[in-house]
Amino acid sequence: MAFDVATLRQDFPILGRLVHGRPLTYLDNAATSQKPQVVIQALVDYYSKGNANVHRGVHLLSEEATQAFERSREVVARFLGLKDSRGCVFVRGATEGINLVAETWGRTHLRAGDEILLTALEHHANIVPWQVAAERSGAKVVVVPVTPRGEVDLDAFRRLLSPRTKLVAFAHVSNALGTVNPAVEMTRLAKTVGATVLIDGCQAAAHFKVDVPALGCDFYAFSGHKTFGPTGIGVLWGRPELLDTLPPYQFGGDMIRKVDFEGTTFREAPERFEAGTPDISGAIALAVALEYFMPRQADAHAHEQKLLAAATERLRAIKGLRLIGEAPEKVAVLSFLIEGGHPHDIGTLLDADGIAIRTGHHCCMPLMKHLGIPGTARASFAFYNSFEEVDRLAVSLEKIRKMMA
Ligand code: PMP
């Protein structure tokens, strides 16, 4: 499939809008991605032609909705490189996916004295659920440090692994720095001590092919809205045989086998973890997003890597600008500081030029503390970003730098 950014951008209606009278330069993709028209249309079509509840009705609309919902699970499985979709649980997003594991797996597997190994670059969503699970069980959270370049310190990772390590949870890609962690190697090392491994794939899924069997992990979570799909839908994948041993997360319709006031039995995964009416339209539209993305994925990655190289070179040339996080393996995320300027001011001034970035701690307060900075300004790219937008960012930052000098 030909990869022409100008043509692709036409698939995303929002990219044509103006902000403060300037063309929108959307560089906040790590916060949420924009949606192609096919995804927007899938939501409209579902509600205008196909709305019905799933798994229950005998009427045509319900059967169609059920088929579309379950087909979406198959698409998700394909997206994750899986043959079997049974481990793919629809959740609200990565946050809910991680909470689900911390609650169900954590409650049944963690004991006093156990250790949960996290890295210093985790998003709060992959820290706080484990802190709570640790408090409840008497387990301890242990943190792998990050090098000044923004990489997980693998020697420290090896040293901190021990037979006490019951769970290792880490981001596939850092949202704050863009670092791509060596997930296969980290999982392999974690498995040498018999730990269960959860990978937070929130920032990986929109940037390169995720192959869950090759990773060898036990759980993998991502959010639909960062992967060109709607908000409110995401996926937790778990090994089906492991999921089936866990207690349900929530209780209600759809997840039961038999309800009796004498006692209730539960279904197996994935329904076991999908109590109540799911986000049907969200799952259907997510599948459309993934089907839009998958044929373009390899070219998209190559394009983004060129954007990253170009943006890194342009930003490095700006006097007083300091890049934060320069790991050799990165997705197109550039975190930076400008001497004499507060990140929020940089963000506001860029916004005046129609350039949307994010500023602050990026839900990574421990990482910011670790790096000894209060926060950063972060430009994060998607495959629909152009070299012209890199130029706009650099020109605007050069102007801002002069204002701040
Ligand atoms: N993990 C990472 C690395 C993230 O970037 C995010 C979102 N910023 C999350 C988890 C949480 O995702 P969500 O808010 O979509 O649940």
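**View 1. Polar contacts across the domain boundary.** Between domain 1 and domain 2 there are 27 residue pairs in polar contact, both residues at pLDDT 80 or more. A polar contact is a pair of N or O atoms within 3.5 Å; within protein, one must be able to donate a hydrogen and the other to accept it, and residues adjacent in sequence count only if both atoms are side-chain atoms. The number of salt bridges between the two domains is zero (a side-chain nitrogen of Lys or Arg within 4 Å of a carboxyl oxygen of Asp or Glu). The model is predicted, with local features needing pLDDT of at least 70 and side-chain atom pairs pLDDT 80 or more, while totals for chains, interfaces and linings use all residues. Residues are numbered from 1 along each chain as its sequence is written, and side-chain values use heavy atoms, without hydrogens and water.

**View 2. The two domains.** An automatic or database assignment gives domain 1 as 5–35 + 296–404 and domain 2 as 41–294. Their centres, taken over C-alpha atoms, are 28 Å apart. To the contact (heavy atoms within 4.5 Å), domain 1 gives 39 residues and domain 2 gives 32 residues.

**View 3. Polar side chains at the ligand.** An N or O atom in the side chain of Asp200 is 2.5 Å from a ligand nitrogen atom. Polar side-chain atoms of Ser223 and His225 each lie 2.7 Å from an oxygen atom of the ligand.
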